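Trainee: Could we go through this model together, taking the metal site and then the charged side chains?

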Amino acid sequence: MKDVKITAMNPYPLPPFTIEKTNETRGHCECCGRDNRSVAGLVFDRDGAAAAYWMHWTDGHLTDTGANLDLVLGKWGNGTTSADRYAVALVHRQQEDGTPALMVIDGHERPAANGLLASSALSRTDVIGTPLATHLFAMIDAIYEQDGRFF
Ligand SMILES: [Zn+2]
């Protein structure tokens, strides 16, 4: 994994964002055997596909390990490669008072950063406090609003 210079690679995706739901898989948690689900989708901005995302969670783990939200941002489509894209990872945790908390985590160890879809990944410090964070959270708001399959 090499570090990525976002500004040199891709302009920040701009709202409005449109979500297209794609595939959905079900399985069982390795630690407890409870049902888990993974749902995927695409985010489009006015220029076309801006990101792919995956939400993965296990029933009953939303308050402890939480749900993983993985995104791969960058350029998609003909003539693009994984070198045009980078992975960003977040964890959604349901807090005791019922409100959700969304936290950016290190993306390097996540499946989305395996090199096939994205050749690089961002760490938490690559995102927090940068202009990308604003765009990323606007995109995530659209995902939560438009993808009704979560939890
Ligand atoms: Zn489990």
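What follows is a short exchange about a predicted model.

Trainee: Which geometry do the 4 donor atoms around the zinc ion adopt?

Mentor: The zinc ion is coordinated by the SG atoms of C29, C31 and C32 together with NE2 of H61, at 2.1 to 2.2 Å. For tetrahedral geometry, all angles among four donors have to lie between 85 and 135 degrees. The 4 donor atoms here subtend angles of 97 to 124°, so the arrangement is tetrahedral.

Trainee: Is C31 buried or exposed?

Mentor: Exposed residues are those over 50% relative accessible area. C32, another donor to the zinc ion, has 34% relative accessibility and therefore counts as partly exposed. C31 has a relative accessible area of 59%, which means that C31 is exposed.

Trainee: How many residues apart in sequence are the parts tied together by E24 and R149?

Mentor: E24 forms a salt bridge with R149, with 3.8 Å between the closest N and O atoms. Because E24 lies in strand β1 (residues 18-28) and R149 in the segment after α3 (131-146), the pair ties together parts whose separation in sequence is 125 residues.

Trainee: Which residues are linked with R149 in a network of salt bridges?

Mentor: The side chain of R149 also meets that of D147 in a salt bridge (2.7 Å, N to O), and both D147 and R149 are buried. On the E24 side, a salt bridge joins E24 to R26 at 3.9 Å, N to O, and R26 is exposed at 66% relative accessible area. The residues linked with R149 in the network are E24, R26, R37 and D147.

Key. Residues are numbered from 1 along each chain as its sequence is written. This is a predicted model: local features need pLDDT of at least 70, side-chain atom pairs count only at pLDDT 80 or more; totals for chains, interfaces and linings use all residues. Side-chain values use heavy atoms; hydrogens and water are left out. Donors are N, O and S atoms within 2.8 Å of the metal (3.2 Å for Na, K and Ca); water is not among the atoms, so sites may look incomplete. Four donors count as tetrahedral if all angles lie between 85 and 135 degrees; four count as square planar and six as octahedral if opposite donors are over 155 degrees apart and all others between 65 and 115; anything else is irregular. Buried means under 20% relative accessible area, exposed over 50%, partly exposed in between (1.4 Å probe, protein chains only). A salt bridge is a side-chain nitrogen of Lys or Arg within 4 Å of a carboxyl oxygen of Asp or Glu. Helices (H or I, at least four residues) and strands (E, at least two) are DSSP runs, numbered from the N terminus.
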